[in-house]
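Look over the sequence and the 3D view below.

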Amino acid sequence: MSLLHLIVVAMVQGLTEFLPISSSAHLILVPLVGDWPDQGPTIDIAVHLGTLGAVMLYFRQDVGAMFVGLLNLLRGRMTPGARLFLLISLGTLPALAVGYVLANQGYTAQLRSPLVIAWATLVFGLLLWAVDSWCPQVKRIGQLGYGGILLIGLAQTLALIPGTSRSGITITAARALGFEREDAARISLLLSIPIILAAGGYQSLEVVQSGQMALGLDALLAAALAFAAALLAVALMMRWLRHASYTPFVVYRLLLGAGLLYWLYG
């Protein structure tokens with residue numbers, strides 16, 4: 001990889017992973033737009049580890065509470081941290097199950113087309129706008145129950161369609177259930193932690209088994225850049241949501257989707 005290609009991939013992954021605009025769509029489009037070869041599995045793993053580190057650092061109090069909660073669960077004690085751990089675990093199961101089936105059946109590659117990305121970007125962007133505009137903001141994360149997190153987790157399976165956006169669809173589901181904008185984002189980002197861990201672990205296993213794993217300076221640089229970009233993106237988004245809506249992200253999705261359709265059909 002050239003240095004420019006490496007920087008673009010890392011920054012795109014970091015900036016888009018947690019914003020409701022679909023990181024997978026952007027990463028698929030990068031080699032198409034830049035006329036670059038695919039960055040390869042090692043760089044993919046590196047940038048995902050970088051973004052994982054960023055979200056865990058930003059939500060370190062929640063992550064710490066869930067870790068202690070897991071220990072308390074093993075001792076037979078139910079605490080707020082233990083309950084949060086159970087909620088996030090339950091919300092992760094649907095996407096893990098569906099993702100495993102799709103990956104083993106070879107369906108994921110069939111979805112990675114610019115046409116699918118364009119329409120998913122538009123449709124789910126409009127859905128986010130509608131839900132965010134019309135649904136009330138009456139719930140905080142402490143009111144999240146097992147039924148609610150399961151519905152959000154089921155919605156998360158739609159993110160296996162590139163262009164949907166994992167954060168976008170989970171935020172949409174949380175807002176539809178009446179959660180405040182900032183809390184909807186917090187739920188979405190906490191759900192990203194086990195998903196990234198599972199996806200990264202699965203991909204790492206495949207790479208190790210194929211003998212292609214080679215951790216070098218390129219991978220370390222990509223991870224560091226993705227970490228910095230993701231931390232900045234999360235901090236800015238959470239600050240924005242304290243006083244504003246998701247509309248700017250929807251506008252970006254509509255422009256991106258329309259631009260892709262023009263490129264495909266124009």
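Which helix gives the largest share of the lining of the second largest pocket? Helix 4 does, with four residues. This is a predicted model, where local features need pLDDT of at least 70 and side-chain atom pairs pLDDT 80 or more, while totals for chains, interfaces and linings use all residues. Residues are numbered from 1 along each chain, and side-chain values use heavy atoms, without hydrogens and water.

**The pocket**

A pocket is an open set of points on a 1 Å grid where a 1.4 Å probe fits, with protein on both sides within 12 Å along at least five of seven lines; lining residues have an atom within 4 Å of a point. The second largest pocket holds about 220 Å³ of space. Among its lining residues are Met 56, Phe 67, Phe 85 and Leu 197. Two or more residues each come from helix 4 (60-74), helix 5 (80-105) and helix 10 (181-210). The lining has 10 nonpolar residues, one polar and no charged.

**Aromatic rings**

There are three aromatic pairs in the structure. Rings pair if their centres lie within 6.5 Å, and planes over 60 degrees apart count as edge-to-face. Two of the pairs are tabulated here.

| Pair | Centre distance | Plane angle |
|---|---|---|
| Tyr 58 and Phe 59 | 5.0 Å | 75° |
| Trp 129 and Trp 134 | 5.8 Å | 65° |

Phe 59 is buried (under 20% relative accessible area), at 6%. Trp 134 is exposed (over 50%), at 67%. Tyr 58, at 26%, is partly exposed, a term for values in between.

Definitions and conventions. Rings of Phe, Tyr and Trp (its six-membered ring) pair if their centres lie within 6.5 Å; planes under 30 degrees apart count as stacked, over 60 as edge-to-face and the rest as tilted. Buried means under 20% relative accessible area, exposed over 50%, partly exposed in between (1.4 Å probe, protein chains only). Grid points are joined across faces, edges and corners, and a volume is the space filled by probe spheres set on the points. Ala, Val, Leu, Ile, Met, Phe, Trp, Tyr, Cys and Pro count as nonpolar, Asp, Glu, Lys and Arg as charged, and the others, Gly among them, as polar.
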